[in-house]
Amino acid sequence: MSTSIDQAVEARLVAAAPRMPTIPASLHYDRNDPFAVRMSFPAPATLEGIEVYWTFARELLTLGMEQAVGDGDVRVRPYGFDRTVVEFHAPEGTAIVHIRTGELRRFLHRTLALVPAGDEHLHVDLDHDLAELMRDAC
């Protein structure tokens with residue numbers, strides 16, 4: 001069984017530069033980082049001209065399809081019947097994208113099949129993570 005999930009989604013760009021009406025984006029989930037989701041945007045859709053990744057809590061995405069959540073760099077909220085808004089806040093500016101809620105639900109369903117909600121702690125290797133932190137500190 002695979003330990004990660006990648007799913008392409010189409011994001012409708014509401015506010016950002018360069019301006020593009022829709023952009024391909026990708027959602028990624030890895031069982032080895034069970035609390036997190038990564039969303040990436042291709043180089044042509046970013047100010048820097050390089051692929052950009054945003055990592056945030058899977059729970060933020062799950063809750064954000066039903067109610068406005070987040071008060072940091074990533075905020076998520078429902079928009080109408082079939083869209084979810086994801087806002088990315090950075091010093092360079094804010095990007096707001098609309099994603100079909102059905103696409104997000106399919107992605108989250110797949111992640112929950114890999115690691116059910118509440119079982120994330122079973123996939124975290126605290127000894128390994130602590131060793132990595134200590135190694136970097138020396």
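Predicted model: local features only at pLDDT ≥ 70, side-chain atom pairs only at ≥ 80, totals over all residues.
Reader: How many helices and strands does the protein have, and what makes a run count as one?

Author: The protein has three helices and seven strands, where helices (H or I, at least four residues) and strands (E, at least two) are DSSP runs numbered from the N terminus. Along the sequence they follow the pattern β-β-β-β-α-β-β-β-α-α.

Reader: Why is the pair of Arg 105 and Glu 66 called a salt bridge?

Author: A salt bridge requires a side-chain nitrogen of Lys or Arg within 4 Å of a carboxyl oxygen of Asp or Glu. The N to O distance between Arg 105 and Glu 66 is 3.0 Å, so the pair qualifies.

Reader: Which other pairs form salt bridges, and how many does the structure hold?

Author: The structure holds three salt bridges. In another of them, Glu 87 and Arg 77 have their closest N and O atoms 2.4 Å apart; this pair links strand E6 (residues 83–90), where Glu 87 lies, with strand E5, where Arg 77 lies, ten residues apart. Glu 103 also forms a salt bridge with Arg 100, and because their closest N and O atoms are 3.9 Å apart, that pair too falls within the cut-off.

Reader: How do you know whether Glu 87 and Glu 66 are buried or exposed?

Author: Buried means under 20% relative accessible area, exposed means over 50%, and partly exposed lies in between, with a 1.4 Å probe and protein chains only. Glu 87 has a relative accessible area of 13%, so Glu 87 is buried, whereas Glu 66 has 55% and is therefore exposed. Glu 103, at 11%, counts as buried, while Arg 100, at 37%, is partly exposed.

Reader: Why is the pair of Trp 54 and Phe 88 called tilted?

Author: Rings of Phe, Tyr and Trp (its six-membered ring) pair if their centres lie within 6.5 Å, and planes under 30 degrees apart count as stacked, over 60 as edge-to-face and the rest as tilted. The centres of these two rings are 5.0 Å apart and their planes stand at 45 degrees, so the pair is tilted. Trp 54 lies in strand E4 (residues 52–57) and Phe 88 in strand E6, so the pair ties together parts that are 34 residues apart in sequence. Trp 54, at 19%, counts as buried, and so does Phe 88, at 2%. Together with Phe 41 and Phe 56, they form one aromatic cluster.

Reader: What does Tyr 79 touch, and what makes a contact?

Author: Contact means heavy atoms within 4.5 Å, and Tyr 79, which lies in strand E5, touches Thr 84, Val 85 and His 98, not counting residues up to four places away in sequence. At 45% relative accessibility, Tyr 79 counts as partly exposed.

Key
Residues numbered from 1 in each chain as written. Heavy atoms only, no water.
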